[in-house]
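Open the model in your viewer and keep the selection panel at hand. Each stop below gives something to select and says what is found there.

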Amino acid sequence: MNRLPARRPFSVLSRPPPSYPGHVPVNSFEKTFLAFTSLLGSFLNPRRGDLIALAGETTSTPYFLPRLRRTMLSHPTGRAILRHRPEITPTSIPAVSTLLSYPPTTLGYTYARWLHTHNLSPFTRPPVRYVPTPELAYVLLRYRQSHDFYHAITGLPAIREGEVPLKLFEFMNLGLPMTGLAAGSYVTLKKRERERVWDIYFPWAIRAGLECEALINVWWEKELESDVGELRRRLGLVIPPDMRALRKAERMRERGSAVDVSTAPAPASAIS
């Protein structure tokens with residue numbers, strides 16, 4: 001009786017072939033190590049996109065990405081996205097300068113203005129490398145490339161105080177664990193930022209994330225000419241208070257207090 005050749009063990013020196021271009025197969029130990037180090041780094045600095053990306057890849061399987069894929073399969077637009085696998089690239093959406101010429105009420109203008117304000121490019125998201133199958137890798141890539149649209153449609157700025165509640169919103173809306181863990185970096189914010197996020201933006205993130213449609217099912221490239229207010233209504237998305245306006249108002253109050261103190265009359269005991 002012929003015996004099948006023994007399967008070679010998975011090790012650093014003997015890896016299975018990649019499942020898609022750029023794929024790096026990892027064993028359980030390697031995956032755990034990468035997850036721990038990337039989660040720690042992204043907790044300390046939630047704006048480290050590379051660490052957040054790595055944490056997302058190493059913590060999202062085998063449970064969470066398959067569930068997000070099922071969310072897409074349960075929605076007609078989500079199924080179409082999975083079938084066609086669009087990507088946000090310079091050939092799939094107009095240039096920022098072109099989008100800024102759109103009517104101010106459109107998603108395209110809102111998205112471009114947000115990118116322009118923060119001096120960001122929409123084409124800098126890294127490829128997925130550590131997710132085991134091509135379709136699950138695409139689901140995570142789609143989330144990753146859509147992140148700037150989530151900022152634009154909610155109005156949250158690309159600063160630490162804005163990233164933290166957006167991560168909680170994404171966790172409630174999409175269920176990816178690294179987004180919830182990244183929201184835990186709330187404790188690294190300054191005192192006034194923590195108070196504002198806790199009192200205003202965390203309650204919004206929980207409620208809005210649960211109540212609105214799963215944003216993974218939005219084909220953003222086809223909505224650029226849509227009225228952004230109407231799109232929010234279709235999605236059931238209520239936007240939070242303007243964070244930049246609240247921060248500016250607080251700075252003005254602080255300056256006013258400083259002026260009041262410096263111009264106040266000296267106490268009687270200090271007058272010779």
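Select E250 and R192: their side chains meet in a salt bridge, 3.1 Å from N to O. A salt bridge here is a side-chain nitrogen of Lys or Arg within 4 Å of a carboxyl oxygen of Asp or Glu. The pair links distant parts of the chain, with E250 in helix α12 (residues 243-263) and R192 in helix α10, 58 residues apart. E250 counts as buried at 9% relative accessibility, while R192 is partly exposed at 36%. Buried means under 20% relative accessible area, exposed over 50%, and partly exposed in between, using a 1.4 Å probe and protein chains only.

This is a predicted model, in which local features need pLDDT of at least 70 and side-chain atom pairs count only at pLDDT 80 or more, while totals for chains, interfaces and linings use all residues. Residues are numbered from 1 along each chain as its sequence is written, and side-chain values use heavy atoms, with hydrogens and water left out.

An α-helix has 3.6 residues a turn, so residues three or four places apart point the same way. E195 is partly exposed, at 28% relative accessibility.

Next select E193 and R247, a salt bridge whose closest N and O atoms are 3.3 Å apart. Here too the pair links distant parts of the chain: E193 in helix α10 and R247 in helix α12 are 54 residues apart. E193 is buried at 14% relative accessibility, and R247 is partly exposed at 21%. To see the whole network of salt bridges, select E161, K191, R192, E193, E195, R196, R247 and E250. A search of the whole structure finds 14 salt bridges.

Now colour by secondary structure. The protein has 12 helices and 0 strands; these elements are DSSP runs numbered from the N terminus, helices being H or I of at least four residues and strands E of at least two. Of the 272 residues, 46% are buried.

Leaving aside neighbours within four places in sequence, F169 is in contact (heavy atoms within 4.5 Å) with W204, A205, A208, G209, C212, L215 and L237. F169 and W204 are both buried.

The structure contains 9 aromatic pairs. In one of them, the rings of F169 and W204 have centres 5.3 Å apart and planes at 10 degrees, so the pair is stacked. Rings of Phe, Tyr and Trp (its six-membered ring) pair if their centres lie within 6.5 Å; planes under 30 degrees apart count as stacked, over 60 as edge-to-face and the rest as tilted. For an aromatic cluster, select Y111, Y143, F149, Y150 and W220.

Move to helix α6 (residues 107-117), where 8 of the 11 residues are buried. The cover over those buried residues includes α5 (96-99), α7 and α11 (228-235). Helix α2 (residues 49-59) is also mostly covered, with 9 of its 11 residues buried. What covers them includes α1 (28-44), α3 (64-73), α7 (134-154), α8 (160-174) and α9 (177-183).

Most residues other than glycine have a negative phi, and most peptide bonds are trans.

- T61 to P62: the peptide bond is cis, with omega near 15 degrees, and P62 is in the loop between α2 and α3.
- R85: phi is positive, near 50 degrees, in the loop between α4 (76-84) and α5.
- N119: phi is positive, near 55 degrees; N119 lies in the loop between α6 and α7 and is exposed at 70% relative accessibility.

Finish with the surface.
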